[in-house]
Amino acid sequence: MQITMKFDLSSGVVDDRQWNKIEQQLWTACLFTGSAAVYCCRTAMPLCIMAIAKDYGWSKTDAGTVLSSFLWGYSMTQVAGGYLSDRLGGDRVILAAACVWSLVTFWTPYIFSLHSDSGVTFALCVLSRIVVGAAQGAHYPSMSSLTSLRVSDHDRTWVFSVLLAGSHMGTITAGSVGSLMLERFGWQVVFHMMGLIGIIWIFVFRYLMQMQREKTHILSLEASVLSKKDSRKQPISVPWLLFFRSSAFWALLIGHFSHAYCFFIMYSWMPTYFHEQYPDANAHVFNVLPWVATMVTITFAAWLGNSLLKRGVAIGFTRKLLEAIAAVGTCVFLLCLAYAETYYSALICGTATMMMMAFHNSGVMCNPHDIAPKYAGSVFGIMNTAAAIPGFVGVYVTGYVLDTTGSWASLFNSTALIVLLGGFVFLVLGSGKKIVD
């Protein structure tokens with residue numbers, strides 16, 4: 001007999017029944033779309049920053065401050081978002097956070113008309129980006145917590161990798177449709193449209209949650225009795241000390257940090273690289289092609305990982321194999337990019353670099369589910385907090401290196417080394433075994 005548990009706010013008990021096949025498909029599709037909406041709203045400001053700076057006379061330093069302020073907020077809520085999701089349920093945290101980041105994105109253009117003082121307007125804009133970042137910081141740890149409880153071990157790699165691919169779909173949508181809207185209607189419409197996408201998704205997600213809640217109300221007598229017994233138990237605290245003493249925990253932390261360093265370099269500086277090195281190139285090609293290709297690789301990596309696990313291959317070996325492909329492949333193509341001499345060779349190497357990075361989504365990114373399934377949200381939150389550091393520190397350091405040396409080759413070479421070292425640490429110290437039951 002299948003047993004379900006109804007969420008009880010007073011005790012912090014969460015419905016931990018695994019989804020059946022139909023439910024898993026519905027939730028995967030909805031959360032994939034949600035991740036796309038997250039990145040639509042996240043990409044709105046980077047897409048429009050030059051137009052806004054031109055309208056309000058911002059310097060590059062001002063623009064950089066606005067862009068980096070998102071990551072200030074993003075790094076503050078990773079752990080808290082994961083912790084609350086493990087305690088209260090990832091779906092509830094995702095919904096509450098989405099209400100914030102979608103509405104603030106939609107209302108961003110109105111911020112500029114709230115005060116006549118340009119300094120106050122600038123401060124409000126920075127504050128709004130911090131709020132959006134803080135709200136979105138809870139999304140991925142919450143999604144990790146939710147899938148850790150609701151998806152079986154064999155399907156978890158596939159499902160979570162597909163959900164992460166939603167971020168690339170959002171980047172593609174914002175980069176293509178958003179660019180056209182920016183050119184034809186102005187930057188204000190871009191924020192309204194991206195925010196509206198998030199708002200519409202909220203209603204869809206809320207409806208799906210309501211359907212799930214009504215289903216869990218249909219309980220057998222035995223399940224009802226067990227639920228009452230469990231509701232009297234106090235929530236178990238997260239064993240932080242045990243995690244920080246584990247080499248496997250530090251391995252995934254370092255592995256994800258090195259990957260994030262490379263990701264933010266590519267995400268933030270590749271457009272500048274192509275503009276400087278190949279000024280006559282079509283911007284739509286190098287802004288969209290790598291992300292489209294990455295989605296293909298994410299799907300393949302998820303299928304490969306899922307197939308290996310279903311065939312009985314050890315979880316630890318599967319994670320390390322996929323992470324090795326990510327680290328070595330990324331390193332090789334970054335080194336090739338450093339010495340590319342033509343536009344097409346640079347485009348191929350840059351795209352291939354992003355494609356190899358996608359294997360990380362089925363490697364280290366899924367490892368919190370393996371080592372601490374009951375606390376996956378909390379572990380993922382710590383992991384993503386560490387990964388946010390390259391976002392607001394590494395990007396500035398990169399700018400300094402480029403100003404000092406003027407060498408893109410040195411940037412790509414050093415990034416390749418960091419990625420390779422992070423992958424090596426995970427291969428040596430990483431594990432697929434549970435740290436705690």
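## Salt bridges in this model

With 27% relative accessibility, Arg92 counts as partly exposed; here buried means under 20% relative accessible area, exposed over 50%, and partly exposed in between (1.4 Å probe, protein chains only). This is a predicted model, in which local features need pLDDT of at least 70, side-chain atom pairs count only at pLDDT 80 or more, and totals for chains, interfaces and linings use all residues. Residues are numbered from 1 along each chain as its sequence is written, and side-chain values use heavy atoms, leaving out hydrogens and water.

**Counting the bridges**
- A salt bridge is a side-chain nitrogen of Lys or Arg within 4 Å of a carboxyl oxygen of Asp or Glu, and by this rule there are three salt bridges.

**Asp91 and Arg92**
- Arg92 joins Asp91 through their side chains in a salt bridge, 3.8 Å from N to O.
- Asp91 is buried, because its relative accessibility is 10%.

**Lys310 and Asp155**
- Lys310 pairs with Asp155 in a salt bridge, with 3.6 Å between the closest N and O atoms.
- This pair links distant parts of the chain, 155 residues apart: Lys310 belongs to helix H12 (residues 283-310) and Asp155 to helix H7 (residues 153-185). Helices are DSSP runs (H or I, at least four residues), numbered from the N terminus.
- Lys310 is exposed, because its relative accessibility is 53%.

**Arg319 and Asp370**
- Arg319 makes a salt bridge with Asp370, and their closest N and O atoms are 2.6 Å apart.
- Arg319 sits in helix H13 (residues 315-338) and Asp370 in helix H15 (residues 367-371), so this bridge ties together parts that are 51 residues apart in sequence.
- Arg319 is buried at 2% relative accessibility, and Asp370 is buried at 7%.

Definitions and conventions
Helix = DSSP H or I, 4+ residues; strand = E, 2+ residues; numbered from the N terminus.
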